[in-house]
Amino acid sequence: MTDTASGVSTATAGPAAARISAEAQRRRTFAVISHPDAGKSTLTEALVLHANAITEAGAIHGKAGRRATVSDWMDMEKARGISITSTALQFPYKTHSGNTCIINLLDTPGHADFSEDTYRVLTAVDSAVMLIDAAKGLEPQTLKLFQVCRHRGIPIITVVNKWDRPGRDALELMDEIHERIQLQTTPLTWPVGIAGDFKGVLDRRTGNYIKYTRTAGGATAAPEEHIDASRAHEVAGSDWDNAVEESELLSADGGDFDRDSFLRCTSTPVLFTSAILNFGVNQLLDVLAQLAPSPHGQLDIEGNRRDAAAPFSAFVFKVQAGMDSAHRDRIAYARVCSGTFERGDVLTHAGTGKPFVTKYAQSVFGQQRSTLDTAWPGDVIGLANAATLRPGDTLYRDIPVQYPPIPSFSPEHFAVARGTDPSKHKQFRKGIEQLEQEGVIQVLRSDRRGDQAPVFAAVGPMQFEVASHRMAGEFNAPIALEPLPYTVARAADPADVEVLSKQASVEVFTRTDGVVLAVFTTKWRLENVQRDNPDVALRSLVAAGD
Ligand SMILES: Nc1nc2c(ncn2[C@@H]2O[C@H](COP(=O)(O)OP(=O)(O)OP(=O)(O)O)[C@@H](O)[C@H]2O)c(=O)[nH]1
Ligand SMILES: [Mg+2]
């Protein structure tokens, strides 16, 4: 195969290639996305439970009686019951036909303030599970994330969650999705019983009734009974008749599953669940195994596809430290795009051309890690002690490749950071450097403010809280943050720094990546400055909502 611009063959030949293709084919790498609170972390836990990777949901208990999930491990997440950073979990799932899939699941934070993290994860997946709260329908952050998926061509499986609680009418929810985002819904299951009275689902592919049974506190997998359509009315009465009638309406309306349009991102299979009761979770695992796309190579920076059977390549989509208080080391998460990974391999870092030794490769399961010996396309690998790696970096073996960089979002919140304990100067510097490299916050500097008082820049104010919390708890360097009145940032040319610095309500900084940022109090101020100085080039950065 000649797939690169230079016409060099990138595919490995013979049995090795066949093995790589087979391993790639059984992998499913997907993100769980939605507006906050729709139940992503709860569903993640339920998926892991049903795949038999843990024996009891809520094995780790959270504060205030709320059960913590395997994917929410940070202190702040447990205390508040929200996810602030994405989590990777890898586990096998044995399908009913006896094949074993390898699932790489990425649970993302829903809060807009952490959307940069979610966006980075979306560069690393082959599909997404989009959650909708049955009572709320399509919420703003879900809409934004959907647009990102559509733009990137990521196929979407829709899950209507919290069906155990009173909510909207199922057909009405399908109409909302169709009308607001022009996505044809093709439900694979249809609820038996209205929202708040979840009895089971009509399996639209077999026509049979799957009846669910509650277990105490939803702690263990919910038993399900498969009942032939001919007996379903006897068991579920008019709830079954309604489900059949509505399912026929869906068929008449083009609502039957179609693989091509699903892969093109113009239709979406839909499932109904109660993540907290573990209802519908088996069906989602089966759909992921049967219908979700497997890794199929990756587009490089020039737009050429590197075949999955080509020699090893991967890119880093996330860097995270402080995962547990006993081990403060940091992990770079890389998505394998092609080839086979073997621990100890010497790779090349595409950005610097330097060798990269992979002695500390790990497989990740939330907070837990285990030594990883081999990995295949689609897998997420954790590289520990990888101080040189940043989000967006490419690693490869044999045939060079460079994957596209991951853009930083345009910050909209700014604050000066000052260490409150002068004796902790070294820790202060180290902490800021670490948080900046992980992308927890952006760090801006200027001669005017000096190195003792760098400016934190963020998409949302909760990033500041995370940064403060980690500076104090992890680096023992407490900080005070003094908000600055800016709300808009633009990239500027170094040659224009002088002109821009003289403007009122404007300040100019250099970001750690070398980009010169001009920040403005309001967008009207920006427009005025631009009008008065037509020769100054001000470029937009990627906005959180793009
Ligand atoms: N009744 C009911 N509650 C649910 C269900 N799924 C989740 N919840 C509850 O909804 C709340 C939010 O759940 P999470 O799983 O933390 O939501 P999330 O989408 O991960 O939230 P963020 O990570 O902050 O975006 C928790 O109190 C859950 O117990 C469900 O199916 N039914
Ligand atoms: Mg969560």
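These entries record what I looked up in a predicted model, taking the ligand, the cavities and the strands in turn.

**Entry 1: the ligand site**

I began with the residues around ligand 1 and counted 19 of them. The closest are Lys40, Ser41, Thr42, Ser83 and Asp164. Sorted by class, the shell holds eight polar, six charged and five nonpolar residues.

**Entry 2: polar atoms at the ligand**

Next I looked up distances from oxygen atoms of ligand 1 to N or O atoms of the protein. For Ser83, a side-chain N or O atom lies 2.8 Å from a ligand oxygen. For Asp37, the atom concerned belongs to the backbone, and the distance to an oxygen of the ligand is 3.0 Å. Gly39 likewise places a backbone N or O atom 3.0 Å from a ligand oxygen. I also noted how far the protein covers ligand 1: taken alone the ligand exposes 660 Å², and the protein buries 89% of that.

**Entry 3: the cavities**

Rolling a probe the size of a water molecule over the atoms shows where empty space is left. Searching the whole structure, I found three cavities of 30 Å³ or more. The largest cavity contains about 230 Å³ of space. Its lining consists of 17 residues, and those nearest the centre are Ile84, Thr85, Asp117, Gly439 and Val440. Two or more lining residues come from each of α4 (115-122), β14 (313-320) and α11 (462-473). By class, I recorded seven charged, six nonpolar and four polar residues in the lining of the largest cavity.

**Entry 4: a hairpin**

I then examined strands β19 (residues 361-365) and β20 (residues 368-371), which pair in the antiparallel sense over four bridges. Phe365 stands opposite Gln368 of β20. Two residues lie between the strands of this hairpin, and Gly366 there takes a positive phi near 60°.

Strands of a sheet pair through backbone hydrogen bonds, either parallel or antiparallel. I traced an open sheet of eight strands, with antiparallel pairing, in the order β27-β24-β26-β25-β29-β30-β28-β31. Which strands form the edges? They are β27 (479-484) and β31 (538-539), each pairing on one side only. Within the sheet I followed β29 (residues 506-511) and β30 (residues 516-520), an antiparallel pair with five bridges. Thr510 has Val516 of β30 as its bridge partner.

Key: Residues are numbered from 1 along each chain as its sequence is written. Chains are lettered from A and ligands numbered from 1 in the order in which they are written. This is a predicted model: local features need pLDDT of at least 70, side-chain atom pairs count only at pLDDT 80 or more; totals for chains, interfaces and linings use all residues. Side-chain values use heavy atoms; hydrogens and water are left out. A residue is near a molecule or strand if one of its heavy atoms lies within 4 Å of it. A polar contact is a pair of N or O atoms within 3.5 Å; within protein, one must be able to donate a hydrogen and the other to accept it, and residues adjacent in sequence count only if both atoms are side-chain atoms. Accessible areas come from the Shrake-Rupley method with a 1.4 Å probe; for residues, only the protein chains shown count as cover. Ala, Val, Leu, Ile, Met, Phe, Trp, Tyr, Cys and Pro count as nonpolar, Asp, Glu, Lys and Arg as charged, and the others, Gly among them, as polar. On a 1 Å grid over the protein atoms alone, a cavity is a set of points where a 1.4 Å probe fits but cannot get out, and a pocket is an open set with protein on both sides within 12 Å along at least five of seven lines; lining residues have an atom within 4 Å of a point. Grid points are joined across faces, edges and corners, and a volume is the space filled by probe spheres set on the points. Two strands pair if DSSP finds at least two bridges between them.
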